[in-house]
Each structure stands twice: as structure tokens, then as C-alpha cells.
Amino acid sequence: MSLQGKHIVLGVTGGIAAYKSCVLASRLRKAGAVVHVIMTEHATRFVAPLTFETLTNQPVVSDLFARPSTWEVEHIALAKAADLFVIAPATANILAKMACGIADDMLSTTVLDTRAPVLAAPAMNTNMWTAEATQRNVETLRARGVHFVGPEGGFLACGDEGPGRMSEPETIFAAIKDLLREKRDLTGLRVLVTAGGTRERLDPVRYLGNESSGKMGFALAEAARARGAQVQLICGMTTAAEPAGIPIRRVDATRDLYEAMTELAPQADIVIQAAAPADYRFETEYPQKLKKQEGAPLTLTLVENPDVAAAVGRLKQPGQTLVGFAAETQALAENAAKKLDRKNLDLIVANDVTQPGAGFGVDTNIVTLITRDRSDQLPLLSKAEVAERILDRVMELRGQGE
Ligand code: PMT
């Protein structure tokens, strides 16, 4: 999704997180967006308007410098020009004003006037965020279609710990890109994605694992989120960069994945299992490092792990779509079709992991999408594009495709 030429109005209110909005403004401009900054008077006490003017190469509108004669015209022009309105940081005060329709300064007037989608990145003290008044305002705004990113938990500038920290600029940037996408056909759907490999421990220093980087699962999670879904990731061991702004539950062994999946999968509309769980674990996990026995072979016994996808298949809910992957090294279609049935899946994504450019670790994949009535072989594509094709097929299966 390119931001080239998109007009983004960035409303900055008075909080310490305003400094992070400078990074956001710069990131947006580098991505090709035209960024118009409106600052409240309080915001100008945290960051000078000149900083934003320099970063965006656009005049900053702030209440301090508001000229009553042009005010009306200027706020209408900005409200109309906006492809997206972002408020970061959004204080409890601006959220309350927006919820009540108060328009008493340049920012609140313009946001009331705009018909563009609005994204708020709240930042405030934990007690202010959890206060009933704020939560009700957030509910009201959500019901009116205002989008939210964050706040995150952690240490706050005031010394408290808890929810209230503004999301990182990169997370807000990802949310902006998602909102400006035209295809948002997964809006309202809950998507659960697994990624990465599980680890079966032998002793404190050794384990049985595989080379799944998490790239395929992460691409799916990002694509689903960009198309409007509410996404949850469950990840084993991964080496790829985690997608910003998607909640991740970490698991270690296949049995941990089994627990997490049997708990969370029944609540999802779409479950996509791109993880590579180990089929076997060591019969004994040693509490201390196993000592080398000079000259003597070491025999270890492996026992079978639960089949997570099959368990999720047994728990399948009405209206739910289950997607699995098949990592094969031979008889791709035949082996994948067997897994489709055995695991009660609606769709299996078969990849021959011996092919160059396919499978573990790489940024591309070569897959065949197999359902009970059809098999579609796709060419070498980026994992991001493979993810889009999988979601297109899922939406077709759900009777909502093109
Ligand atoms: O992470 P990347 O580096 O991007 O690599 C992507 C990938 C190669 C890991 C991915 O494309 C892929 O093929 N994932 C599935 C790997 C795998 O475990 O395949 P399988 O054929 O062994 O398993 C079939 C299905 O059952 C999979 O959906 C798997 O998640 C699931 N499974 C397997 C074993 C098990 N005990 N429980 C399971 O749920």
C-alpha cells in the first residue's frame, strides 16, 4: 500500500508522547504522504510547531497562531483534504470532546467537520485511561466508527505502570497503511494465525526443532489485519521481525501450542495454521545437561505429540473456516489431501519445501491451494502475496469472495 500523495491530517494534543509524533510525521512523509499537522495549544508546549513544519514541509496550524479571519476556511479545507485523520497522541480531553461533539479549537473543530476515517492513538495516565468516563467516550467513538491503535501497557512518563502508553510510531504507521487500503473484506472477523516452529526440549541446553522463521504466518497475520480483521498470533520460535501491533501469544513446545489453540481457536472465525509443530518429543526431558558417554552410542526415545490441527478440527464451530499447511518433500498433492481430511480442514496450503524459493526461511513461497472441490497451483510469489491469495480463497469459501 503506497501512501504517495495521500493527505494525512495529524492532530497532536498535549502529552509527552507528542515527541513520538515527530517520528510518525517524518515516517509518513518519507512514505510519500502529504502531512498536515494541527497542534493544540498544549501540544505546542511539548514540541515546537517548527519541528513539525521542518519534518513535513507544511505549515503547522495551532491554536496559538490561529487567525480568526481564515479559521473557518482553513479548518474546512483541511477536513475536506484529509484521506485520513490521525490524532496522536490523543489525550483523554480530546477523546471527551470528540465524543460530545465539542468544537472549541482548531483540532476539535476540524475533526468534527471531517468525513475522512479517524484514527486515534490514545496516551494518558493509566487511571485516566481506565476511568469510566474515558472508557465510555471510547465506546461511543468506536460505535461511530473511530479507529483506535493502542494504548499499550508499560512504564508511563508519570511513573505509573499499566495501559496508557502511546503505541510506537511504527505501529501507528502500520495502522494508517491498513486503514488506507481499499480492500477491507475481513472487517469484523476474528482471525487466529499460528507461526514459527515448536521446540521439544531434551535437557536445559538441547532441543528438537525446525527452521520455521515465522515469515509465512506473519505475512498472513499482517494481510488479515490490513483487510480489517481482528488478528491474534500464536507463535513458537521465530527469527523474522514480528509484525507491529498484532497481539502475540508465545508458546514453546507442541503441547503448549495445543493448549493455546484449543483455548483460542473456538472463538475465531478463521484459523490459519502456518506453524511447524514438532510431531514428536523426547520421552524424557532431563533436568541437567546430558553428559557425553565416551565411545557409547546414545539412544533417545521419541513419543508422539498431539496433532493440534486435528484437535482444532474436532472442535470446529459452525461458520468457522479452518486452514492448514502441508510441508511436504514428496507426493505433495496426495499427502496434502490426506491431511485436509484427517484434520477436518476447509483448505490446505501445500508447499514442497525442497523447491528453491519455497518453504522455510525464505521471503517467497510456491503453494497449491487445495480444497475438497478444487486445486489451484500458484507460481513463485512473495509470502505477502501468497497470504493475500489464501485470504481470497478463504473469503470465497465463506461465500464472500469476488
Ligand atoms: O515460517 P517460515 O520460515 O515462513 O516457513 C513457512 C512454513 C514452511 C513453516 C509453512 O509454509 C508451512 O508449511 N507450515 C506447516 C509446517 C508443518 O508442520 O507442516 P505438516 O505437514 O507437518 O503439518 C500439517 C498441518 O498440521 C500444519 O498446518 C501444521 O501446523 C499442523 N500440525 C502439524 C503437526 C502437529 N503435531 N500438529 C499440527 O497442528
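1. Two strands are taken as paired if DSSP finds at least two bridges between them. In this predicted model, strand E5 (residues 118-122) and E6 are joined by two bridges and run parallel. Within this pairing, Ala120 is the residue that stands opposite Phe148 in E6.

2. The E5-E6 pair belongs to an open sheet of six strands, ordered E3-E2-E1-E4-E5-E6, with parallel pairing. Strand E3 (61-62) and strand E6 (147-148) are at the edges; each has a single partner strand, so one side of each lacks a neighbour in the sheet. As background, strands of a sheet pair through backbone hydrogen bonds, in either a parallel or an antiparallel manner.

3. Helix H1 is placed against this sheet. H1 lies across strand E1 (7-12), strand E2 (34-39) and strand E4 (84-90). Relative to E1, H1 runs at about 175°.

4. Arg27 pairs with Glu170, and the closest N and O atoms are 3.0 Å apart. The two residues come from distant parts of the chain: Arg27 sits in helix H1 (residues 18-30) and Glu170 in helix H9 (residues 169-179), with a separation of 143 residues. With a cut-off of 4 Å between a side-chain nitrogen of Lys or Arg and a carboxyl oxygen of Asp or Glu, the model has 29 salt bridges.

5. Next, a helix pair. Helix H5 (residues 92-100) packs with helix H8 (residues 132-143) at an angle of about 50°, and their axes are 9 Å apart. Angles under 35 degrees count as roughly parallel and 65 to 115 as roughly perpendicular; H5 and H8 are therefore oblique to each other. Their crossing is left-handed.

6. Which residues make the contact between H5 and H8? On the H5 side they are Ala92, Leu95, Ala96, Met98 and Ala99. On the H8 side they are Thr134, Asn137, Val138, Thr140 and Leu141. Sorted by class, this contact of H5 with H8 comprises seven nonpolar and three polar residues, with no charged residues.

7. A further strand pair is antiparallel. Strand E8 (residues 200-203) and strand E9 (residues 206-208) are joined by three bridges. E8 and E9 form a hairpin, with two residues between them. Glu200 has Leu208 in E9 as its bridge partner.

Terms used: Residues numbered from 1 in each chain as written. Predicted model: local features only at pLDDT ≥ 70, side-chain atom pairs only at ≥ 80, totals over all residues. Heavy atoms only, no water. Helix = DSSP H or I, 4+ residues; strand = E, 2+ residues; numbered from the N terminus. Axes fitted to C-alpha atoms, helices over the stretch in contact; angles between N-to-C directions. Parallel < 35°, antiparallel > 145°, perpendicular 65-115°, else oblique. Left-handed = near helix turned anticlockwise from the far one by under 90°. Contact = heavy atoms within 4.5 Å. Nonpolar A, V, L, I, M, F, W, Y, C, P; charged D, E, K, R; others polar.
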